[in-house]
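Reader: I am new to this structure and would like to understand the words used to describe it. Could you take me through them, setting each value beside its definition?

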Amino acid sequence: VPNGVDLELFDPSKYDQSEIKQLRDSFGASKLAVFSGSLQDLDIIIDSATQVVKAVRNAKYVIIGDNRDPSRSKDVWEEKVKRKGLSQYFEFLGKKPREEIPKYLMCADICLDSFPDEPYYAAAHPVKLLEYGACEKPVVATRVSETEKIVKHGIFGLLASPGNTSEFAQHVITLLNSQELREKMGKDFANYIRANFGWNKIAVDLQKILEN
C-alpha cells in the first residue's frame, strides 16, 4: 500500500493564480526549480547547478525544508552552495507549514528529487513526488527503484542515474528550456497521480487487502 496525497490541498484550481504569480515574481527569476522535503541529500542538485545556470538564463533553485541531522541541515547545504559560488542562484526557505507548500510548488517550472543510490532511499516512496504531480509539475529526479515506479521517464519527467551530475543537469536544462514539454508532462503526471494516489483510493485499496 503506497503513500497517498491530499488532492484537495494540492489542487491548483483552488488557489488564486494572481497570488501565485506574485509569490513567483518575488524570487526574481524567470525559471524556477523547486525542491520540497527533508534535506537528506542535495549533492546532485547543487553539483549539477553549475552547468544549469550557465545554460539557462535567469534560473533559480528554491529549496524548502530542513533536516534534524546537523550534518544535513539547511545551514550545511547553504554553506556548500556558497563554497561553489552559487549563492545568487539558490534560495533556502527552511521549513514551511504544510498548508503553504502547494503555493510554492505552483510557482515552479520543474520540481526536483535527489535520492542517492542507497537501499534506504531506493525503497522510499516519496510523498513529495505525489505532491509535485498533483500540482501539475514535471520532475527531474534520480533513477532509484520506487521513484522510477512513480515518475515514468520521458512521460512525467526525466530521471538521471544517481551521482551522474551531468545527466541530471542536462535533464534540468531540457525541461527549463521547453515550456511545451513541461506542460505536457505536468498535465499527464497530474492525471496519473489523481487517478492512483488520492487518499480515498488508498483507503479503499487497504480495506480490500484487510478483508481478503
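Reader: Where does Lys 80 lie, and what makes Lys 80 count as buried or exposed?

Author: Lys 80 lies in helix 3, residues 74-83, where helices (H or I, at least four residues) and strands (E, at least two) are DSSP runs, numbered from the N terminus. Buried means under 20% relative accessible area, exposed over 50%, and partly exposed in between, with a 1.4 Å probe and protein chains only. Lys 80 has a relative accessible area of 14%, and therefore it is buried. This is a predicted model, in which local features need pLDDT of at least 70 and side-chain atom pairs count only at pLDDT 80 or more, while totals for chains, interfaces and linings use all residues. Residues are numbered from 1 along each chain as its sequence is written, and side-chain values use heavy atoms, with hydrogens and water left out.

Reader: Which residues does Lys 80 touch?

Author: Contact means heavy atoms within 4.5 Å. Not counting residues up to four places away in sequence, Lys 80 touches Asp 43, Ile 46 and Asp 47.

Reader: What makes Lys 74 buried or exposed, and which residues does Lys 74 touch?

Author: Lys 74 is also found in helix 3, and its relative accessible area of 19% makes it buried. With residues up to four places away in sequence left out, Lys 74 touches Leu 39, Gly 65, Asp 66, Phe 92, Leu 93 and Gly 94.

Reader: How many cavities of 30 Å³ or more does the structure hold, and what lines the largest cavity?

Author: On a 1 Å grid over the protein atoms alone, a cavity is a set of points where a 1.4 Å probe fits but cannot get out, whereas a pocket is an open set with protein on both sides within 12 Å along at least five of seven lines; lining residues have an atom within 4 Å of a point. Grid points are joined across faces, edges and corners, and a volume is the space filled by probe spheres set on the points. The structure holds one cavity of 30 Å³ or more, and about 40 Å³ of space lies in the largest cavity. Among the residues that line the largest cavity are Phe 35, Leu 39, Asp 113, Phe 115 and Lys 128.

Reader: How does the lining of the largest cavity divide into nonpolar, polar and charged?

Author: Ala, Val, Leu, Ile, Met, Phe, Trp, Tyr, Cys and Pro count as nonpolar, Asp, Glu, Lys and Arg as charged, and the others, Gly among them, as polar. The lining of the largest cavity divides into four nonpolar, three polar and three charged residues.

Reader: What volume has the largest pocket, and which residues lie nearest its centre?

Author: The largest pocket has a volume of about 430 Å³. Its lining is made of 17 residues, of which Met 106, Ala 108, Glu 136, Lys 137 and Glu 183 lie nearest the centre. By class, this lining has seven nonpolar, two polar and eight charged residues.

Reader: What makes Glu 136 buried, partly exposed or exposed?

Author: Glu 136 is found in the loop between helix 6 and strand 5, and because its relative accessibility is 24%, Glu 136 counts as partly exposed. Glu 136 has a positive phi of about 65° although it is not a glycine.

Reader: Why is helix 6 described as largely enclosed by the rest of the structure?

Author: Seven of the eight residues of helix 6 are buried, so helix 6 is largely enclosed by the rest of the structure. The buried residues are Lys 128, Leu 129, Leu 130, Glu 131, Tyr 132, Gly 133 and Ala 134. The elements against which they pack include strand 1, helix 4, helix 7 and helix 9.
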